[in-house]
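The following note is intended for a colleague who is meeting this structure for the first time. Please read the numbered points with the model in view.

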Amino acid sequence: RARVVVLLSGTGSLCAALLEAADEAGYPAAVVAVGSDRPAPGLEQARRRGIPTFTCTLRDHPDRAAWDRALAAEIAGHRPDLVVSAGFMRIVGPAVLDAFGGRLINTHPALLPAFPGAHAVRDALAAGVEVTGSTVHLIDAGVDTGPVLAQREVPVLPGDDETQLHERIKTVERTLLVETVARLATSEEDPR
Ligand code: GAR
């Protein structure tokens, strides 16, 4: 099975979906570690399963470059085939990109290239779009700019607030992420 390291910053419901999928014997990937950039509640579900966790906090390092190198080293220690940013709310730097570029993916709550950045759901509502969605993409040096691997639409409903719309998007994101990780885990081709 492909070895997956998941990175998160918060609740970790997307990570939970991957952990549940990976509990099934037929799923082609296993989550071998879950990391965060802060003491995130999402790490708990990995701990309960006995899966190693790590926290690499920016303020514990002299600067962003040192943090980026430490994060790359933590991830590398788990020898991943695939690294999944699932609600990881930081931009990874050159050390992580150099080590894992091409097998480093992110899930984003909008139809990229529309609404990149940290407030995608709010920005989609403010723009008044009728359809938004979820994107899984390869991470490159830009902010939410890497090649798209999978996308699925989600309608904006009348009266939606940010929380309601984000919850509906996350339901779709969970399935899309589980499917895309399985596809990459079984694919012979390098996603690059
Ligand atoms: C997800 O919607 C994910 O796409 C988003 O954070 C949420 C995490 O949910 N990520 C970003 O906005 C990254 N820019 P979770 O903590 O319940 O998995």
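**Notes on the fold and the ligand site**

1. P113 is found in the loop that runs between β5 and α5 (120-127); helices (H or I, at least four residues) and strands (E, at least two) are DSSP runs, numbered from the N terminus. The peptide bond between L112 and P113 is cis, with omega at about 10°.

2. The model is a predicted one: local features need pLDDT of at least 70, side-chain atom pairs count only at pLDDT 80 or more, and totals for chains, interfaces and linings use all residues. Residues are numbered from 1 along each chain as its sequence is written, and side-chain values use heavy atoms, with hydrogens and water left out.

3. R79 belongs to the loop between α3 (64-76) and β4 (82-85). Most residues other than glycine have a negative phi, and most peptide bonds are trans.

4. The protein chain holds six helices and seven strands. Read from the N terminus, their order is β-α-β-α-β-α-β-α-β-α-β-β-α.

5. For 192 residues, a compact globule would have a radius of gyration near 16 Å, and the 16 Å of the protein chain therefore agrees; the radius is taken over C-alpha atoms, and the globule rule is 2.2 Å times the number of residues to the power 0.38. Along the principal axes, the C-alpha atoms fill a box of roughly 45 × 45 × 35 Å.

6. Which residues are closest to the ligand? They are G12, S13, H166, K170 and E173, within a shell of 13 surrounding residues; a residue is counted if one of its heavy atoms lies within 4 Å. The shell comprises three nonpolar, eight polar and two charged residues. Here Ala, Val, Leu, Ile, Met, Phe, Trp, Tyr, Cys and Pro count as nonpolar, Asp, Glu, Lys and Arg as charged, and the others, Gly among them, as polar.

7. Oxygen atoms of the ligand lie 2.8 Å from a polar backbone atom of G12 and 2.9 Å from one of L14. A polar side-chain atom of H166 is 2.7 Å from a ligand oxygen. The protein covers 92% of the 450 Å² of accessible area that the ligand has on its own (Shrake-Rupley method, 1.4 Å probe).

8. Two or more shell residues come from each of α1 (13-23), β5 (104-108) and α6 (162-186). The most, three residues, come from α6.

Methods. Polar contact = N/O pair within 3.5 Å; in protein donor to acceptor, adjacent residues only side chain to side chain.
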